[in-house]
Amino acid sequence: MLAVGAAVVFATAWILHLTETSTNLFFGTTSLMLLGLTLTATHLAGFGAGWTPQRRGRR
């Protein structure tokens, strides 16, 4: 799920860069790319992969 979020953020930054849209708001092209890199890094680190319960039985 984090990889999909990173792809959306990268696509938004790319479209803003292509159209040369000037955004003086909270987000700019550089901050969107850094957010995308952060999402990609957390995805590669294994966060958001899901949780499985431990088996409680005898072996």
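Tutor: The chain has a secondary structure of 2 helices and 0 strands. Please bear in mind that this is a predicted model.

Student: How do you know that helix 1 is roughly antiparallel to helix 2?
Tutor: Helix 1 (residues 2-18) packs against helix 2 at an angle of about 160°, and their axes are 8 Å apart. Angles over 145 degrees count as roughly antiparallel, so the term applies to helix 1 and helix 2.

Student: Which hand does the crossing of helix 1 and helix 2 have?
Tutor: The crossing in which helix 1 passes helix 2 is left-handed.

Student: Why is L34 called exposed?
Tutor: L34, which lies in helix 2, has a relative accessible area of 51%. Exposed means over 50%, so L34 is called exposed.

Student: What makes the nonpolar surface patch, and which helix gives the most to the patch?
Tutor: F10, M33, L34 and L37 make the patch, with an area of about 380 Å². Helix 2 (residues 29-45) gives the most, with 3 residues.

Student: What share of the chain is called buried, and what makes up its accessible surface?
Tutor: Of the 59 residues in the chain, 12% are buried, a term that requires under 20% relative accessible area. The accessible surface of the chain is about 5400 Å², and carbon and sulfur atoms account for 65% of that surface.

Technical notes:
Residues are numbered from 1 along each chain as its sequence is written. This is a predicted model: local features need pLDDT of at least 70, side-chain atom pairs count only at pLDDT 80 or more; totals for chains, interfaces and linings use all residues. Side-chain values use heavy atoms; hydrogens and water are left out. Patches are made of residues with over 30% relative accessible area and no salt bridge: like charges are joined within 9 Å, nonpolar side chains (Val, Leu, Ile, Met, Phe, Trp, Tyr) within 5 Å. Accessible areas come from the Shrake-Rupley method with a 1.4 Å probe; for residues, only the protein chains shown count as cover. A salt bridge is a side-chain nitrogen of Lys or Arg within 4 Å of a carboxyl oxygen of Asp or Glu. Helices (H or I, at least four residues) and strands (E, at least two) are DSSP runs, numbered from the N terminus. Buried means under 20% relative accessible area, exposed over 50%, partly exposed in between (1.4 Å probe, protein chains only). Axes are lines fitted to C-alpha atoms, for helices over the stretch in contact, and angles run from 0 to 180 degrees between N-to-C directions. Angles under 35 degrees count as roughly parallel, over 145 as roughly antiparallel, 65 to 115 as roughly perpendicular and the rest as oblique. A crossing is left-handed if the near helix is turned anticlockwise from the far one by less than a right angle, and right-handed if clockwise.
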